[in-house]
Amino acid sequence: MSSPRLPRRLVLSLVMVLGLASLSTGLAQSAPAPAADTTVAAAPAAVTFSDEFNGPAGSAVDGGKWQTETGDNVNNHERQYYTAGRNNAALDGQGNLVITARKENPGNYQCWYGRCEYTSARLNTSGKFTTTYGRVEARMKIPRGQGIWPAFWMLGNDIGQVGWPASGEIDIMENVGFEPSTVHGTLHGPGYSGSGGIGAGYTLPGGQAFADAFHTFAVDWSPNAVTWSVDGTVYQRRTPSDLGGKQWVFDKPFFIILNLAVGGYWPGDPDGSTVLPQQLLVDYVRVSSDSGQPGGGGPITGLAGKCVDVAGGAVANGTAVQLYDCNGTAAQRWTVGGDGTIRALGKCLDVASGGTADGTAVQLWDCNGSAAQQWATPAARDIVNPQANKCLDVSGGSSANSSRLQIWTCTGAANQKWTVTR
């Protein structure tokens, strides 16, 4: 189902130093998004990539982390020419990367429409850094104006072999200037690219404009799930069930892209109201390890040395979580994420129906950012659901296999003590 508030975008062409092919997606039409959740994520887990953009004013980005693309983009009918060097991408000496779009053509650059009218910059981590799963985030202050199109996104690292859209694309944040209060997040893949892209928009309250302040844009990405947030507020989550049977292509390495486009099919071209230059300020880009990677994590052991176990190794929502003899299977490999979740088999440890009463069962469920899936693991070896202020507990204090786990008022008893392998 389409909505006039959701993305109308074209995926960008990629002119890679490594010789990757040019891309185009056409207009993206969003599927309906789940209701927004207002959970604020905790601090991230172990950082696997970080650029804080600290350095002298005017210095170039770190070439060990980023490569700079050059050229134009006929596929989207963008108007800019992406340049190398520091004229359009440089540090400001205050801890920011500044990508600047200018109305100029100092190099007599030629674009698809003739002599280029604008310059800008696009950076990517291809050949430098990829990630499979994790929290990928950037704190940015975006530009404003008709025809201005900043983006923070990712492409499958196998694009050179399988092409686009089979490579997959995760758009973490896009903004078009005619929507100053709204950003968009979208998935593109085979059979759901272009106008079939799956995504949603997030709008600031009270008519605020994203260009007025810094905001943090992130995805939390695990097997079979991508969740988008702005300033810690989750606004959509996508899983293979959203694709109508089409192929999910997001369980492999992706690289990161930052760019500032001018014009194109989706944003339209600049007009008399557009003030240039415009700048995209990036305070940082960080990637932290995710709690849902296949084969990751370890056992959580408790009463009688037995393990927290997903009954039957099933992944259906509502599958019981129980105590069972430790056996080293994936159903007993749990990871504790920096976002407060505890995950196995690509899903989250969840308090059924968000209950807070003693005896509420604990189950496996799609990760959704809710308080029912938030857990604290203090040194006292309790595992606590802060919303209920209750502890993970073995029902009846029984050490028998298949004893169901639940939440209960914390008592310090042995059936509430756990050893988490991180």
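This is a predicted model: local features need pLDDT of at least 70, side-chain atom pairs count only at pLDDT 80 or more; totals for chains, interfaces and linings use all residues.
At 18% relative accessibility, does Lys 252 count as buried or exposed?

1. Lys 252 counts as buried, because its relative accessibility is 18% and the cut-off for buried is under 20%.

2. Lys 252 forms a salt bridge with Asp 158, with 2.9 Å between the closest N and O atoms. The two residues come from distant parts of the chain, 94 residues apart. Asp 158 sits in the loop between strand E11 (148-156) and helix H1 (159-162), while Lys 252 sits in the loop between strand E17 (233-238) and strand E18 (254-262).

3. A search of the whole structure gives 14 salt bridges. One of them pairs Glu 52 with Arg 286, the closest N and O atoms being 3.0 Å apart. This pair also links distant parts of the chain, 234 residues apart: Glu 52 is in the loop between strand E1 (47-51) and strand E2 (67-69), and Arg 286 is in strand E19 (residues 278-288). Glu 52 counts as partly exposed at 25% relative accessibility, as does Arg 286 at 28%.

4. Asp 382 and Lys 417 form a salt bridge with their closest N and O atoms 2.8 Å apart. Asp 382 lies in the loop between strand E26 (362-365) and strand E27 (384-385), and Lys 417 in the loop between strand E29 (403-408) and strand E30 (419-420), so the pair ties together parts 35 residues apart in sequence. Both Asp 382 and Lys 417 are buried.

5. Salt bridges also link Arg 79, Glu 117 and Asp 269 in a network.

Key. Residues are numbered from 1 along each chain as its sequence is written. Side-chain values use heavy atoms; hydrogens and water are left out. A salt bridge is a side-chain nitrogen of Lys or Arg within 4 Å of a carboxyl oxygen of Asp or Glu. Helices (H or I, at least four residues) and strands (E, at least two) are DSSP runs, numbered from the N terminus. Buried means under 20% relative accessible area, exposed over 50%, partly exposed in between (1.4 Å probe, protein chains only).
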